[in-house]
Amino acid sequence: MNAKKMANYTSKAKAQKLWKTLYLCAKESKTRRFHALYDKIYRPDILWEAWQRMKRKRGSGGVDSQTLEDIESYGEKKFLNELYLELKEKRYRPQPVLRTYIPKDDGTKRPLGIPTIKDRVAQMATKLVIEPIFEADFKDCSYGFRPKRNAHQAIAKIRKESRKNYWVLDVDIQGYFDNINHDKLMKLVEQRISDRRVLKLIRKWLQVGIMEEGKVRHSILGAPQGGVISPLLSNIYLHVMDSLWEKKFSHLGTIVRYADDFVILCERKAHALESIRVIQAIMYKLDLSLHPEKSRLVNIWDDSDGFDFLGFHHRKFPIRKKGGHTFFIMNHIPSKKAMKKMRKKIKDYTEPRYKLFMDIEELVKGLNRRLQGFKNYYQLSPLSKRWLNRIDWYVLQRLTLFNNKKRNKKHKHAYLRETVKQVEHLLVKLAD
């Protein structure tokens with residue numbers, strides 16, 4: 001093992017040890033407030049581990065246009081040492097986040113706030129230190145952006161609960177990340193952390209402002225999507241809802257939450273209607289509101305209706321047994337939005353005319369990289385295969401079009417069989 005790998009292994013082990021220690025201390029006492037955390041944030045091993053995690057995530061630069069490659073050229077240790085001194089001597093000042101927009105399928109745009117890489121490393125180091133304290137409090141109903149928890153576990157919970165609950169409240173919070181109240185959020189953070197230096201650091205990131213078209217805009221609301229620490233802060237904010245529901249309203253139904261998206265599965269319609277009133281009251285307390293068009297009540301007794309959640313469409317499909325009996329079993333298939341998004345991604349990759357200079361083998365390799373993640377995520381049940389086959393068929397159509405354009409064929413969609421044989425041969429070759 002070379003020196004760099006040894007340093008990575010050591011920093012990771014130390015970070016995990018600190019994480020476990022803080023988690024156990026927080027778990028032991030639900031009322032304990034931690035007062036000596038700031039010096040752990042700028043510990044060299046914590047900063048190094050934060051940097052390694054940032055490198056794995058990749059991502060673009062912020063308002064200073066500094067990239068990961070720039071820092072590697074400048075010197076990783078030199079960069080981290082400078083950040084260490086800034087944090088230790090309390091000279092660290094975050095820069096405004098860079099506002100960018102990602103197009104959504106409905107024609108609107110999702111706003112993202114991209115911090116500088118230095119700010120992302122500082123946020124990651126802070127997250128490594130404070131996350132275990134709040135993890136000790138978070139409820140089992142929360143699955144998003146948490147260690148050892150994922151979307152598939154949330155879907156498994158929905159499948160289990162659907163056996164006895166036939167009404168689903170599908171909830172969408174309107175502009176969640178843009179409407180988090182800073183003062184209320186900080187009060188929630190202060191319930192567990194009393195170190196004023198850490199609290200001041202978090203507030204700086206919340207109030208640093210957003211740069212858009214060369215102008216900086218400040219706000220008393222919101223936690224920018226794109227910040228490393230934002231998912232943790234958003235979970236802290238909605239933990240209020242999780243706790244209230246578990247303590248006072250769990251008899252109404254089961255809540256399954258992934259970040260700001262959640263559903264409530266209820267046995268009776270009366271419980272579901274009462275759940276709506278409860279959730280609206282909780283949202284009011286948090287200065288949030290439900291999206292009137294995207295929030296809906298769904299009956300999942302049979303296959304007449306379903307709901308979209310975490311990229312899947314959840315619906316009970318009929319299964320016919322011997323004797324003519326029909327049972328309805330919950331299944332999860334890619335949503336229409338997910339299918340449309342994947343087709344667009346395939347088309348955008350294969351359509352540009354400069355790609356005609358590529359060999360089809362190179363094109364297939366590139367497509368495989370894009371398809372693999374999609375299939376790994378959506379291949380949850382045997383029924384999903386039917387929808388995944390549709391994507392495979394679309395890929396073959398795009399490759400046929402590519403082949404015909406490359407050979408200047410008049411009929412752009414002809415010679416499909418030739419393409420199928422060629423692709424099958426290539427896949428066998430790539431597998432070897």
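# Salt bridges and a covered strand

Glu-86 is buried, its relative accessible area being 14%, where buried stands for under 20% relative accessible area, exposed for over 50% and partly exposed for what lies in between, with a 1.4 Å probe and protein chains only. The model is predicted, and for this reason local features need pLDDT of at least 70 and side-chain atom pairs count only at pLDDT 80 or more, whereas totals for chains, interfaces and linings use all residues. Residues are numbered from 1 along each chain as its sequence is written, and side-chain values rest on heavy atoms, with hydrogens and water left out.

The side chain of Glu-86 forms a salt bridge with that of Lys-118 at 2.9 Å, N to O, the term standing for a side-chain nitrogen of Lys or Arg within 4 Å of a carboxyl oxygen of Asp or Glu. This pair links distant parts of the chain, since Glu-86 belongs to helix α5 (residues 76-88) and Lys-118 to helix α6 (residues 117-135), 32 residues apart. Helices (H or I, at least four residues) and strands (E, at least two) are DSSP runs numbered from the N terminus.

In a second salt bridge, the closest N and O atoms of Asp-183 and Arg-203 are 3.4 Å apart; here too distant parts of the chain are linked, with Asp-183 in helix α8 (residues 182-190) and Arg-203 in helix α9 (residues 196-207), 20 residues apart. Arg-296 and Asp-305 meet through their side chains at 3.2 Å, N to O, in a further salt bridge, while Lys-30, Asp-137 and Arg-192 are linked in a network of such contacts. The structure holds 22 salt bridges, and the table gives the exposure of several of the residues named above.

| Residue | Relative accessible area | Class |
|---|---|---|
| Lys-118 | 22% | partly exposed |
| Asp-183 | 47% | partly exposed |
| Arg-203 | 25% | partly exposed |
| Arg-296 | 34% | partly exposed |
| Asp-305 | 24% | partly exposed |

Strand β3 (residues 167-172) is mostly covered, six of its six residues being buried. Trp-167, Leu-169 and Val-171 lie on one side and Val-168, Asp-170 and Asp-172 on the other, and both faces are covered. β3 pairs with strand β7 (residues 261-266) in the antiparallel sense over six bridges, pairing being assigned if DSSP finds at least two bridges between two strands. Within β7, Phe-262 stands opposite Val-171. Strand β8 (residues 296-299) is joined to β3 by four bridges, again antiparallel, and Leu-297 of β8 is the bridge partner of Leu-169.

For the chain as a whole, the secondary structure comes to 15 helices and eleven strands, and buried residues make up 47% of the 432 residues. The C-alpha atoms fill a box of roughly 70 × 60 × 45 Å, taken along the principal axes.
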